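Hi everyone, thanks for coming. Let me put the structure up so that we can walk through it together.

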Amino acid sequence: MATIKEVAKLAGVSLGTASNVLNGKTQNEELIRRVEKAMEELAYQPDANARSLKNTQSSLIGVILPDALQRDYAEFLHNLERCFREQGYSIVVKFSRNNRLIEKKCIEACLQQSVAGIVLHSNVRDKIDARLNGKNVPGVIIGRNKVKDSSDDRIVIDYGDAFESALEDFRSMGLSRVGLILEKELMQNEEMLKKYRGCFGQEELIKVVESNQEQGFQAFFELYTATHDLQAVIVGSEQIGIGVHKAAETLEAQNVLIVVMKESRWMEDSGKYHAQLTVLQKEVAQAAAKRMMDAIVRPNLHENITNIIKARYDKDPASGAQIQRAPGELVFAMYDCSSSRSLQMLSQIYEKESGKKIRFDLLKYRELEELLYENSMQKDSRYDGFMMDITWLEGLAESGGVANLDGLLKENQEYFTGFVDDVVKECGMYVESLYAVPFMSGAQILFYQKDLFEDRMLQMRFRRMYGEELAPPKTWAQFNLVAEFFTKSINPQSPVKYGTSLPTGANVYTTISFLSHLWAYGSDVFDEKGNVVIDNGNSVAALKNLITSYQYTSGKELFSWNDVADEFARGDSAMIVLYDSDAGSINNYTKSKVAGNLGCALVPGGKPVLGGWSLGLNRYGRHMEDAQNFLIWACGNQNAIPLALLGGSTLRKDYYERSDLEYAVPWKTLILESYRQSKKRYMPEILDESRRKNNIYTEIIPGEIERVLRRESDESQAVRNMKDRIEKLVIK
C-alpha cells in the first residue's frame, strides 16, 4: 500500500505540502493537481491516521464477546465493525467464553495493544471496570442486567416487556404448563422471574443451563420426559434453542411451542419457533459505537450513561390463512410490476389448496386505468377484481364500478389493524367506507452508491470544491450540489457518469418527482379549500431546482420507475429517488452492479409523495365471495415476507417492525418514517366525469414540465399554464 511519503515524492512536493493537500489546507490548484495525480497513479487511499501527521492516537478498538457461535454476537460484530470502519477505526476481537477470569485477561490483552477503547459484551453480572492498570481507556459494556454505579457506558438489553408478552400470549391460548430454560445471568433477573411466577409459578419447569446446544437438548429432554404435559418453553439463547428444537424433534414433541431469545430470522425460524424475544443487533452496535466515539472524540465532555434497548415479541407469521375449497377461476386486472408478479407466483399456493385457478392480466399504468373506468361504464363482469393506484380510488368509487367492502371490514377488524398506520384510510377508503385492501407499498426513499460517499479522496475534493461535507443530501439544493459533483461531464474526476437518474415524459412519474420538490418548497397544487394555488414564486423555485437536476442525468428517455432503477443498477448514476416497491432489482446481485453497496436515506426536503396500491373487487363480478376470500389471503400477514423476498412489497405493519431481512431489503427500516412524512396528492371534485381528475397528475403537470425541458417555455410560464389548465378542468 502506498504511503503519503511516496505520494509526495512522485508529485515532486514536500511531505508537508502533500499533507496540506490531503487535509484541504491549500488552494494552490497546481499543487492540488500534482498531488491528486500522484495519489491516483499510486492508488493511494488516506486512512484515519493520515488525516493528520501529528495524530498519535491508536485507531484500534478492542471488542470482547462471549463467543462466536451465537448468531446474535456475529451480527453485532458485523455491524459494529462497519460503524467503526466508517469512522476510520479498526477492531481487534477477543472471546471470553462467559468466564470472568478469561474476560479480565481479554481486557488486559486489549490494553497491551494500546486500544483507543473497549467494547465488552458481558454476561457477568458484577461491575466490570475497563480502566485497568491505571489506563484511562473508555469502555462500553453490553449486558442483559442493570448494574449500579458503573464507571463505563452501559447498554442494557431489556427482555422484560417482551418476556411478559410471551407469557400473556401463552395464557391467551389457554396454556398452563410453560417451562424456562435460561442461563444463570437471566435467572438472576428478579423482574422476569416474578412475572413468570405470577403467570404460572411452576418451579419444577425451570432449568438453569450454559448457553450451548447440548445443555439445551438435555434440559428439554428432562423437562418433557418428567412431565409429559409440557406445552411451551422459553429459552435464553439461539444455541439453547437449537438444542431444544432437536430434542423436541427426537421426542416427536413438535406441539410444544418454543420461544427463544434471539434476533428474528424468518428464513431460518419460520415453522421452527413460535416466536422470538428479539433485539436488533444493528441497533445495539450503533448505540455502542456512538457512545465509544463520543468518549474518544470528546473526552472532556463525555459522560457515562446507561442506554436501555428493549426486546420485542416477534411471533412467526402464520404459515397460511384458512383457504376454502372453491373450484373455478378468478381473474384480476393488475398493474405490471414486481409486486403483481410476486403475487402471481405466490397464488400457486392458493390454487393448490383451494382448487381455484387465479389468472392475472398484467397491464401498463394508463392501460389499467382506462380498463377500470371502461369496466365501470360497461358494467362488465369479466374481471373479479383489480389493482388500483392510490389516486384512482375516489374516481372508481364515484363511478360505481368498485364493490363496497364495509362488511369485510366489520368482520375482520383485527386483520385491518395490522396494516401500516393510516394506509387503510388512504389506500382503501372513500367517504368513510372501505372499497379496497392495501396491497403494495409506496414509500419514497433516496438511494445512493454508498462507497462514493465514504471515499476519503472524494470527500476531500467535494469539501474543497464546495466548502461542504460530502453526505447524503437532506435538501434539494444539496441534492443538486452532490449531483453536479458526480456528473462526469462537469467533474471529469467523478467515478460515475451521472449525478442522478430521473423519469422523463408526460406521465405520473415526472409529476411525482416535481411534487416532492413543490411541497418541500412550501407550495402546493391546491389549498385546503380546493383552490388552485400553484402559480407562485415558491413553485417556480421548486421547478427550477428540478429542471437543474436534469442537467446531471444521462438525458435518456426513462418513462417509468423501472427505467430509473435499471440505469442506477448499471452503476451509471450516484443517487436516485425511488419508491420502495420498485427498488427490489437494485439490490439483486445477479442483475445489479450496486447490490451490496446501497445507501438509503429519507427523501431530501422531507416531503415524499405518498404512493401505494390496493386490491378491490368488481361490483359486477360473478364470484364475489370467492374473490373476497382471495383478497383477504393475498394481502394477509402470512404473505408479507414472501412477497418482499420475491421482489414485491407489502403494507403489513409487522413486516416493518421485524428486525430481520435488512440485508435483503436495506431500506426496510426507513419505510415507516417515510410514510409518516408522506403527503397524498389532492384529488379535486369533478362532478361530470370522475376519471378526468387524475389527468392533472398524468398529463397537465408533466406536460408543462416537458415543455420547459424542451425549452419551449420557462418555469414561470409553466406554473401559470399549470394553473390555467387545472382550473379549466375543475372549475365549472
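Predicted model: local features only at pLDDT ≥ 70, side-chain atom pairs only at ≥ 80, totals over all residues.

Residues are numbered from 1 along each chain as its sequence is written, and side-chain values use heavy atoms, with hydrogens and water left out.

Let's begin with the cores. By nonpolar core I mean a set of buried Ala, Val, Leu, Ile, Met, Phe, Trp, Tyr and Cys residues joined through side-chain atoms within 4.5 Å; buried is under 20% relative accessible area with a 1.4 Å probe, protein chains only. The largest one has 123 residues, and Phe447, Phe514 and Leu543 have the most contacts inside it. Helix α22, residues 508-520, gives the most to this core, with 7 residues. Helices here are DSSP runs of H or I, at least four residues, and strands are E runs of at least two, numbered from the N terminus. A second, separate core has 70 residues, including Phe76 and Leu186.

Now please find strand β5, residues 153-158. Is this strand enclosed or open? 6 of its 6 residues are buried, so β5 is largely enclosed by the rest of the structure. Asp153, Ile155 and Ile157 are buried on one side, and Arg154, Val156 and Asp158 on the other. Strands pair if DSSP finds at least two bridges between them. β5 pairs in the parallel sense with β4 (residues 139-143) over 4 bridges, and also in the parallel sense with β11 (residues 306-310) over 5 bridges. Arg154 is the bridge partner of Ile141 and of Thr306.

Next, the open sheet: 5 strands in the order β14-β13-β15-β23-β18, with mixed pairing. β14 and β18 stand at the edges with a single partner strand each, so one side of each is left without a neighbour in the sheet.

Finally, two helices. α13 (residues 338-354) and α25 (residues 624-634) pack at an angle of about 115°, with axes 11 Å apart; axes are lines fitted to C-alpha atoms, for helices over the stretch in contact, and angles run from 0 to 180 degrees between N-to-C directions.

Definitions and conventions: Buried < 20%, exposed > 50% of the residue type's maximum accessible area, 1.4 Å probe, protein only.
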